[in-house]
Amino acid sequence: MAIQISPSILSADFAHLADEAAAVADSADWLHVDVMDNHFVPNLTLGLPIVKSLRKAAALPLDCHLMIEDPDRWAPAYAEAGAGSVTIHAEAAKAPVRTLRTIRSEGARAGLALNPATPVDPYADLLPELDMLLLMTVEPGFGGQRFLDVVLPKIRRARELVGTRDAAVWLQVDGGVSAETIERCAEAGADVFVAGSAVYGAQDPSAAIDALRAQAEQ
Ligand code: DX5
Ligand code: ZN
């Protein structure tokens with residue numbers, strides 16, 4: 001599978017989301033949307049109404065990352081709202097298999113996210129239920145944090161479990177992905193890269209995406 005880049009609008013200007021989405025539309029593969037509820041993580045961002053509006057305003061498919069309690073209740077609505085991909089956290093889901101199946105039945109790709117301290121092996125049997133496994137490379141909640149190298153062995157292990165690069169399950173990393181860290185992630189086996197501050201903090205977000213992609217493809 002080719003390398004994919006999913007810029008996170010968490011680092012964009014929330015007063016101009018349509019413009020910020022347009023700024024990456026030609027170079028990115030997805031638009032990563034961080035939904036936070038101030039319960040699962042200590043930060044509050046945006047929810048369903050903004051996702052519905054973004055769906056109409058943005059050309060890229062939405063990659064919704066739900067950092068919320070009770071994803072079993074809310075995730076299906078994001079899929080119904082037209083998200084291309086909906087990712088729930090293993091630490092929060094009470095019925096992950098049911099919820100992942102519902103996401104798929106609504107026509108979206110189903111993702112499962114693991115925090116840095118959550119091991120991947122207990123989820124190996126769930127892989128057939130997933131379209132994407134997201135390994136957090138920071139503690140979720142905020143953009144601009146430092147990449148956690150301690151997650152690299154888990155990325156390697158996940159690649160072993162998922163299989164070769166043309167595997168059905170994509171392997172996404174999120175947090176601290178930048179020009180300094182993306183090569184390490186790619187070498188460990190990640191193929192979908194979320195980048196917030198490295199893209200929206202750059203003078204030219206589109207050029208930053210091209211540069212990240214080139215580094216990951218090496
Ligand atoms: C963090 C979010 C990330 C965040 C990444 O909890 O899930 O998507 O926006 O931002 P950077 O790339 O700046 O670490
Ligand atoms: Zn995210």
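## Exercises on a predicted model

α4 is followed by Gly 107, whose phi is positive, near 95 degrees. The model is predicted.

**Exercise 1. Which residues of α4 are buried, and what do they pack against?**

Step 1. List the buried positions. In α4 they are Pro 96, Thr 99, Leu 100 and Ile 103.

Step 2. Look down the axis. The buried residues of α4 fall within an arc of 100 degrees, so they line one face of the helix.

Step 3. Find the partners. The buried residues of α4 pack against α3, β4 and β5 (109–114).

**Exercise 2. Work through α3 in the same way: where do its buried residues sit around the axis?**

Step 1. Helix α3 spans residues 71–80, and Pro 71, Ala 75, Tyr 78 and Ala 79 are buried there.

Step 2. These residues cover an arc of only 100 degrees around the axis, which puts them on the same side of α3.

Step 3. The buried residues of α3 pack against α2 (48–57), β3 (62–67), β4 (85–89) and α4 (96–105).

**Exercise 3. Decide whether strand β2 is enclosed or open, and find its pairing partner.**

Step 1. Count. Six of the six residues of β2 are buried, so the strand is largely enclosed by the rest of the structure.

Step 2. Sort by direction. Leu 31, Val 33 and Val 35 point one way. His 32, Asp 34 and Met 36 point the other way. Both sets are buried.

Step 3. Pair the strand. β2 runs parallel to β3, with six bridges between them. For Met 36, the bridge partner in β3 is Met 67.

**Exercise 4. Describe the shell around ligand 1.**

Step 1. Start with the nearest residues. The shell holds 22 residues, and Ser 8, Leu 10, Gly 143, Gly 196 and Ser 197 come nearest.

Step 2. Classify. Eight shell residues are nonpolar, twelve are polar and two are charged.

Step 3. Assign elements. β2 (31–36), β8 (192–195) and α7 (197–200) each supply at least two shell residues.

Step 4. Compare with the record. An unreviewed UniProt entry lists binding site positions that include Ser 8, Gly 143, Gly 196 and Ser 197.

**Exercise 5. Is Ala 188 buried or partly exposed?**

Step 1. Locate the residue. Ala 188 is in helix α6 (residues 182–188).

Step 2. Count. Ala 188 has 19 other C-beta atoms within 10 Å, so it is partly exposed.

Step 3. List contacts beyond four places in sequence. Ala 188 touches Leu 152, Ile 155, Arg 156 and Arg 159.

Step 4. Check one C-alpha distance. Ala 188 and Pro 153 are 35 residues apart along the chain, and their C-alpha atoms are separated by 7.5 Å.

Methods
Residues are numbered from 1 along each chain as its sequence is written. Chains are lettered from A and ligands numbered from 1 in the order in which they are written. This is a predicted model: local features need pLDDT of at least 70, side-chain atom pairs count only at pLDDT 80 or more; totals for chains, interfaces and linings use all residues. A residue is near a molecule or strand if its C-beta atom, placed from the backbone, lies within 6 Å of it. Helices (H or I, at least four residues) and strands (E, at least two) are DSSP runs, numbered from the N terminus. Ala, Val, Leu, Ile, Met, Phe, Trp, Tyr, Cys and Pro count as nonpolar, Asp, Glu, Lys and Arg as charged, and the others, Gly among them, as polar. A residue is buried if 20 or more other C-beta atoms lie within 10 Å of its own, exposed if 12 or fewer, and partly exposed in between; C-beta atoms are placed from the backbone. The arc is that of the directions from the helix axis to the C-beta atoms. Two residues are in contact if their C-beta atoms, placed from the backbone, lie within 7 Å. UniProt positions are given in the numbering used here, feature names are shortened, and annotations may be inferred rather than shown by experiment. Two strands pair if DSSP finds at least two bridges between them.
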